[in-house]
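Here is a friendly tour for anyone who likes to look at side chains and backbone angles. Have the viewer ready and follow along.

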Amino acid sequence: MHCQTIVLGAGIVGVSTALHLQARGRKVILIDREEPGSGTSHGNAGLIERSSVIPYAFPRELSSLLRYGLNRQSDVRYSLTHIPKVAPWLFKYWQNSSVAGLSVATRAMLPLVQRCVEEHDALIDAAGLGDLVKANGWIEVFRNNAAFNKAKDDAQALAPYGLSYEVLDRQQLHAREADLSENVVGGIHWLDPKTVTNPGGLTRGYAALFVQRGGQFIHGDARTLRQIDSEWQVDSRQGPITASEVVIALGPQSAELFKPLGYRIPLEIKRGYHMHYQGRDGAELKHSICDGQGGYVLAPMAQGIRLTTGIEFAASSDAANEIQLKRCEALARKIFPLGQRLDAQPWLGRRPCLPDMRPVIGPAARHKGLWFNFGHAHHGLTLGPVSGRLLAEMITGEATFTDPAPYSATRFN
């Protein structure tokens, strides 16, 4: 089988890339071992996060570093055996999280974040997936006045970015979410983002649109990728597939392909968990709720109320560890009446992250026809369609909507 472009990885980034290439006239085959939307794209918090204009930085304050060093926090935990292996990457992350470094990352990411909702909207409309998406934003809640007051100041500091939000006192917050407990003193309702009630279903819907428009999705093993003369070849269940171009969009598994090809890109994994719950005694959640102090999100999903955790630094292959989920669950029960668990086991996902807080989008320097689109960290769902558009513009020689230089893989070599 032959096509113009092979896209490896059927998560939100790979599927979106395939759709944008297809829309520009490319014959594309999308390849994955699993069904579309089965990996990290399945288990996230479902936020199309237009309000996250500042990337998630490494803490710089000594007090915060000491607190996290005790490994007792709910938002971040680590495996003692893994930390020595990831320490050089963490140091680079810490360096890039300085005031100057964070400013660079913010400017780099802003063109992608600003377009994230409209790029999703176009695909949602085309695929008829509006029933999976809500346009009521999400609410950041606070359990003490000190944190609430700081958050209000932080929100005001974002005025140059033109974000829409409402500050809610205790009474206003409980008018919007009647089942929140009195432990919550206030909140900030971010209005620009949209939320998805089934992120995996959204990705599968986008993949179905790709097939409906004439694309092919085929099960295959990306690890068989090889270059033969001027072509790229991958083995699939339907035999070898060749193309002059190939896109690596495998999220956390991308390193399995670019490392053997000689690219030294510092991709690491932030693990995270989710679990679904019933609302106790008929309690309902109308908005996605983020407890920034606790480091978790409660989101109303098709499968129940989904609790998603923050960051766990552990080897990708390590077994699931419920410590962080249990810590977050205990905090969540103090602000919302969660009922029984609905899943037999916690879901474990892996976020692909780079130490300068921006993805790799663009060509590989030493291999003609090889392209990268990975490393979207906490915002794979948010940035899938917009980064897919940018890469498709680059591959087809179209004028790009923003300068792609900040996302080049050459920044690491």
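Leucine 62 sits in helix H3, which covers residues 62-69. In this predicted model, is leucine 62 buried or exposed? With a relative accessibility of 60%, leucine 62 counts as exposed, because the cut-off for that class is over 50%. Leu62 also belongs to a nonpolar surface patch of about 290 Å², which it makes together with Leu65 and Leu66.

Now for the charged side chains. How many salt bridges does the count come to? The count comes to 22 salt bridges.

| Glutamate 119 | Arginine 389 | 2.8 Å |

Take the pair of arginine 389 and glutamate 119, joined at 2.8 Å. This pair links distant parts of the chain, with arginine 389 in helix H11 and glutamate 119 in helix H5 (residues 99-127), 270 residues apart. Glutamate 119 is buried, as its relative accessible area is 6% and buried means under 20%.

Aspartate 121 counts as partly exposed, at 23% relative accessibility.

The pair of glutamate 329 and arginine 333 lies within one helix, H10 (residues 323-335). Why are these two separated by about one helical turn? Glutamate 329 and arginine 333 are four residues apart in helix H10, and therefore about one helical turn lies between them. Glutamate 329 counts as buried at 13% relative accessibility, whereas arginine 333 counts as partly exposed at 34%. Elsewhere, salt bridges that share partners join Arg24, Arg115, Glu118, Glu119, Arg389, Glu393 and Glu398 into one network.

Strand S9 leads on to a sheet. An open sheet of three strands runs in the order S3-S9-S5, and its pairing is antiparallel. Strand S3 (47-48) and strand S5 (133-134) are the edge strands, each pairing on one side only. Between S5 and strand S9 (residues 194-196), the antiparallel pairing extends over two bridges. Lysine 134 stands opposite threonine 195 in S9.

Next come two backbone angles worth a look. Most residues other than glycine have a negative phi. Aspartate 281 is not a glycine, yet its phi is positive, at about 55°. Where does aspartate 281 lie? Its place is the loop between strand S13 (268-279) and strand S14 (288-291). Aspartate 281 is exposed, with a relative accessible area of 79%.

Alanine 377 likewise has a positive phi of about 55° without being a glycine. Alanine 377 lies in the loop between strand S21 (370-374) and helix H11 (380-396). With a relative accessible area of 25%, alanine 377 is partly exposed.

Finally, the record. In an unreviewed entry, UniProt lists residues 6-394 for "domain: FAD dependent oxidoreductase". Over residues 6-394 the chain is 34% helix and 29% strand, and the end C-alpha atoms are 15 Å apart.

Conventions:
Residues numbered from 1 in each chain as written. Predicted model: local features only at pLDDT ≥ 70, side-chain atom pairs only at ≥ 80, totals over all residues. Heavy atoms only, no water. Buried < 20%, exposed > 50% of the residue type's maximum accessible area, 1.4 Å probe, protein only. UniProt positions renumbered as here; feature names shortened; annotations may be inferred. Pairing = 2+ DSSP bridges. Patch = residues over 30% accessible without salt bridge, like charges linked within 9 Å, V, L, I, M, F, W, Y side chains within 5 Å. Areas by Shrake-Rupley, 256 points an atom, 1.4 Å probe, with all protein chains shown as cover. Salt bridge = Lys/Arg side-chain N within 4 Å of Asp/Glu carboxyl O.
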